[in-house]
Amino acid sequence: MYKTKETLVTAFALFSLFFGAGNLILPPLLGFQSGHLWWLVALGFCVSAVLIPILGILAHAKLQGTIFDFGKKVSPSFSLVYSFLIYFISISLPSPRTASVTHEIAIQPFFDTPPILTSVIYFVLVLVFVLNRSKILNIIGKILTPAIIIILLLIIGITVSYWDFDFGPVAFNSPFTDGILEGYQTFDAIGAIVVGGVIIISINLKNKEASYEEKKGLIRRAGWIAGLGLLLIYAGLIISGALMHNDFDNTISRTGLLNGISTKTLGNTANLFLSILVSLACFTTAVGIVTGTADFVKHRFKNSQKAYLVTAILGCTLGVVMGQFNVGYIIVVAIPALKFIYPITIILILLNVVPDTYASPQVFKAVVLTTIIFSIPDFFESIGLQSQLQSVQHYIPLSKFGMGWVLPALITFLGMNTLMNFKTEK
């Protein structure tokens, strides 16, 4: 049986892997625009940015495999394509976003240099670390996360204690669903199925004699603890943004708001310290994404070191190209990809969490196919082609909220299980 210390160590590792510094820029602006309904926006945001990712970790506790195992019940070919797609999205969007966040938080306020220069230097350094697999990153990571958490808790505590509970106008038409969709931008559900595999490998290396049930219990407990930590930080940043609605202009950017909140609560010196910490945390995230992608491709090409090198170079090149754009632009560009891949990811997580009795290969195939079909109108709308499917969307429940896949997937899940039970009884 694993001890409490091992549970806490694993929980902290999970929290560190989820806690990408880029995620910090999302909650404050959500709160800033949510007014007195900040709690409803926070609830929606935490559904997709906390609950679903933690369920992804619970699925890993059950599977104790890799990202490939999440979709293999649909088919090995589907799972392989899905895995490649997840890694491609990871090196194309969240990885470059770390360079953009670094430029806007730590470079732009102090130096008049172009974003492309930051992006080039940033990803050259990323490539060096990816090719050398330095242990320095692990050491930095153990110091970075606690330091950032302490500063964030101070910011949240000071804001809640000293700012009046006075809220501005609500900018959202559907606060709960808008919160859910903004939670997509954290990429945490995708992160869950990627980093969960890393945790499994680490646990297996540390204690090869532990039983399946012992490892399952450890991962489940650690997952819930990490989820509670994420919930507190995200909700705290959202209410901080909501309480400071009078302190900033309505046109302020996500990074500008985070900088502004930290400056007003802790002063310029602490804000500079936070900027450095966030930048280093962004860097470790980028190295982790590129390394993980290169490892996956290397494994698929019979442990070819050449495949690892080529993937690392391509990943860093993509990072330079996308990382020169501002954070807001990258977030907008990410929307179509997330509208398509996130519903599939959520469904795969949920199907892998439920008991196997209710998640046969037939159920997997039917529900995933239904999800893909009903995600297409939302995807088309995100790329400006909503007119072609507007008449169809009118008949799909929740489609106007960008979640037209939810009820069809649920109905298919229930219908397939009813049909399977009927066949078994006969």
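**View 1. Contacts across the whole protein.** Of the contacts in the protein that link residues at least 6 apart in sequence, 83% join residues at least 24 apart. The structure shown is a predicted model. The protein contains 17 helices and zero strands. Its radius of gyration is 21 Å, close to the 22 Å given by the globule rule for 426 residues, so the protein is as compact as a globular protein of that length. The C-alpha trace spans about 70 × 50 × 45 Å along its principal axes.

**View 2. Interior and surface of the protein.** Of the 426 residues, 52% are buried. The protein exposes about 19,500 Å², and carbon and sulfur atoms supply 68% of this area.

**View 3. Helix H7 and its buried side.** Helix H7 comprises the 18 residues 115–132. At 1.5 Å a residue, helix H7 should span 26 Å, which agrees with the 26 Å between its end C-alpha atoms. The buried residues of H7 are Thr118, Ser119, Tyr122, Phe123, Val126 and Val130. These residues lie on the same side of H7, because they cover an arc of only 110 degrees around the axis. In an α-helix there are 3.6 residues a turn, so residues three or four places apart point the same way. The buried residues of H7 pack against helix H6 (94–107), helix H12 (254–300) and helix H13 (305–323).

**View 4. Thr255 in helix H12.** Thr255 belongs to helix H12. Thr255 counts as buried because its relative accessibility is 4%, and the cut-off for buried is under 20%. Apart from neighbours within four places in sequence, Thr255 is in contact with Ile25, Glu104, Ile105 and Val327.

Notes:
Residues are numbered from 1 along each chain as its sequence is written. This is a predicted model: local features need pLDDT of at least 70, side-chain atom pairs count only at pLDDT 80 or more; totals for chains, interfaces and linings use all residues. Side-chain values use heavy atoms; hydrogens and water are left out. Helices (H or I, at least four residues) and strands (E, at least two) are DSSP runs, numbered from the N terminus. The expected span of a helix is 1.5 Å times one less than its number of residues. Buried means under 20% relative accessible area, exposed over 50%, partly exposed in between (1.4 Å probe, protein chains only). The arc is that of the directions from the helix axis to the C-beta atoms. Contact means heavy atoms within 4.5 Å. The radius of gyration is taken over C-alpha atoms; the globule rule is 2.2 Å times the number of residues to the power 0.38. Accessible areas come from the Shrake-Rupley method with a 1.4 Å probe; for residues, only the protein chains shown count as cover.
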